[in-house]
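Here are my notes on this model. Please keep the structure open while you read them.

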Amino acid sequence: MHAQDYVAAVIFGAIIGVVARILLPGRQRIGVILTVLIGMGAAVAGTWAADRWNLHSDHLLDVAGRTFDWLVLAVQVGIAIVGVAIAAVLARAFSTEKAEN
C-alpha cells in the first residue's frame, strides 16, 4: 500500500459517510471526523460482507483508474447509514443540551 491508497481510503470513507448522512432522514448531531470514520469503517465492513456472501454485480463504476461494483457500494452505504444512525442516537442520548420541543 502506498500513501495515495490511504488518502483514497479517507476520501472514499468521507464520501460514503456523507452519502449516508444525506440518505438518513432527520438531523444527525455528529461531527465531520466521526462521519469520515464511520464511512471508512463501512467501506471495510461492506467490502468484507460483499466478499463473504458473494454479493457482486456486473454493473461496474470506473473512477480515476479504479473499478467499483455498484452492489458492493450499496452494501457499504447501507452499513454507513446504520453506523450514522447509531452514532446520532448515542450523541443525542449523551448530549448535555436541553431537548428542543
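1. Start with burial. Buried means under 20% relative accessible area, exposed means over 50%, and partly exposed lies in between (1.4 Å probe, protein chains only). Thr 35 has a relative accessible area of 3%, so Thr 35 is buried. Thr 35 is found in helix α2. Helices here are DSSP runs (H or I, at least four residues), strands are runs of E (at least two), and both are numbered from the N terminus.

2. A word on the source. This is a predicted model, in which local features need pLDDT of at least 70, side-chain atom pairs count only at pLDDT 80 or more, and totals for chains, interfaces and linings use all residues. Residues are numbered from 1 along each chain as its sequence is written, and side-chain values use heavy atoms, with hydrogens and water left out.

3. What does Thr 35 touch, leaving aside its neighbours within four places in sequence? Contact means heavy atoms within 4.5 Å. With those neighbours set aside, Thr 35 is in contact with Gly 13, Gly 17, Val 18, Arg 21 and Ile 30.

4. Now the core. A nonpolar core is a set of buried Ala, Val, Leu, Ile, Met, Phe, Trp, Tyr and Cys residues joined through side-chain atoms within 4.5 Å. The largest one has 11 residues, including Ile 16, Ala 20, Ile 38 and Val 84. Helices α1 (3-23), α2 and α3 (70-93) each supply at least two residues of this core. α3 gives the most, with four residues.

5. Look at Ala 20. Leaving aside neighbours within four places in sequence, Ala 20 is in contact with Val 77, Ala 80, Ile 81 and Val 84.

6. Follow α3 itself. This helix has 24 residues and reaches 34 Å from its first C-alpha to its last. That is close to the 34 Å expected at 1.5 Å a residue; the expected span is 1.5 Å times one less than the number of residues. Among the buried residues of α3 are Val 72, Leu 73 and Gln 76. Asp 69 caps the N-terminal end of α3. A side-chain oxygen of Asp 69 lies 3.0 Å from the backbone nitrogen of Leu 71.

7. Is Arg 52 buried or exposed? Arg 52 counts as exposed because its relative accessibility is 54%. Arg 52 lies in helix α2 (residues 32-52).

8. Finally, check Asn 54. Asn 54 sits in the loop between α2 and β1 (60-63). Its relative accessible area is 60%, so Asn 54 is exposed. Asn 54 has a positive phi of about 50 degrees, although it is not a glycine. Most residues other than glycine have a negative phi.

Definitions and conventions. Polar contact = N/O pair within 3.5 Å; in protein donor to acceptor, adjacent residues only side chain to side chain.
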